[in-house]
Amino acid sequence: MGANPNKVAKRAKDYKHILIIMRHAKAEPFHAEGDYGRELTSKGLKQAKKVAKGLADMKLDPDMIVCSAAARARQTCGKMLKTFGDKPKVDYHQSLYEGGVQSVFDELSHAKEKTRVLMVLGHEPTVSIASQWIASSDSDPERLDLLNLGLQTAGIVIFGSDRPFDQWQVHSGDLLAVMSSSDFD
């Protein structure tokens, strides 16, 4: 997608609160337990590690991660925690697997005010649609267009705002970047 991590990190420093919305990393196409049990491929494990290292290099380690309870999302989170360490508090929610866009807004409304960097880790199409709803009306049209295509596996969207997460509503986050794992090469 061509975003420069250093430039994004510099812009992010200007905000009190940063929201990172992420799609799980690359998963196998089929699992005996159905869609919910699909696990990461070796490529997916590499993607998760690369994104975590990239975010850490950007000084955007999450304080809190809310993650879908589906296997591929939990595995993505688990691989990222090897880079983030014990810092982020992690909660797993079934609603991020099946609850749609409202589940993302519900997570924002429950975030503590002291949380500076919040990561929501979920699935398509929920993550890209929620990102479109969260993006402020003065967001860069090219970045918004990227969201129309949906997020790639291990893709992230980064927003900034000075308002605490529980005050975020539709169109209240400044869209700082839409990034793929390859942006961290």
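Ser128, Ser131 and Gln132 in helix H6 meet Leu144, Leu147 and Asn148 in helix H7. By class, this contact has two nonpolar, four polar and no charged residues. The model is predicted.

Two packed helices are described by the angle between their axes and the distance between the axes. The table gives both values for two pairs.

| Helix pair | Angle | Axis distance |
|---|---|---|
| H6 (residues 126-134) and H7 (residues 141-148) | about 150 degrees | 9 Å |
| H2 (residues 42-57) and H3 (residues 71-84) | about 40 degrees | 8 Å |

H6 and H7 pack at about 150 degrees. That angle makes H6 roughly antiparallel to H7, since angles over 145 degrees count as such. H6 passes H7 in a left-handed crossing.

H2 and H3 pack at about 40 degrees. They are therefore oblique to each other. H2 passes H3 in a right-handed crossing. From H2, the contact takes in Leu45, Ala48, Lys49, Val51, Ala52, Lys53, Leu55 and Ala56. From H3 come Thr76, Lys79, Met80, Thr83 and Phe84. The H2 contact with H3 divides into eight nonpolar, two polar and three charged residues.

The largest pocket has a volume of about 290 Å³. It is lined by 14 residues, and the closest to its centre are Met64, Lys89, His110, Ala111 and Lys112. Strand E2 (64-68), strand E3 (89-93) and helix H5 (101-110) each give two or more residues to the lining. By class, the lining of the largest pocket has four nonpolar, three polar and seven charged residues.

Notes: Residues are numbered from 1 along each chain as its sequence is written. This is a predicted model: local features need pLDDT of at least 70, side-chain atom pairs count only at pLDDT 80 or more; totals for chains, interfaces and linings use all residues. Side-chain values use heavy atoms; hydrogens and water are left out. Axes are lines fitted to C-alpha atoms, for helices over the stretch in contact, and angles run from 0 to 180 degrees between N-to-C directions. Helices (H or I, at least four residues) and strands (E, at least two) are DSSP runs, numbered from the N terminus. Angles under 35 degrees count as roughly parallel, over 145 as roughly antiparallel, 65 to 115 as roughly perpendicular and the rest as oblique. A crossing is left-handed if the near helix is turned anticlockwise from the far one by less than a right angle, and right-handed if clockwise. Contact means heavy atoms within 4.5 Å. Ala, Val, Leu, Ile, Met, Phe, Trp, Tyr, Cys and Pro count as nonpolar, Asp, Glu, Lys and Arg as charged, and the others, Gly among them, as polar. On a 1 Å grid over the protein atoms alone, a cavity is a set of points where a 1.4 Å probe fits but cannot get out, and a pocket is an open set with protein on both sides within 12 Å along at least five of seven lines; lining residues have an atom within 4 Å of a point. Grid points are joined across faces, edges and corners, and a volume is the space filled by probe spheres set on the points.
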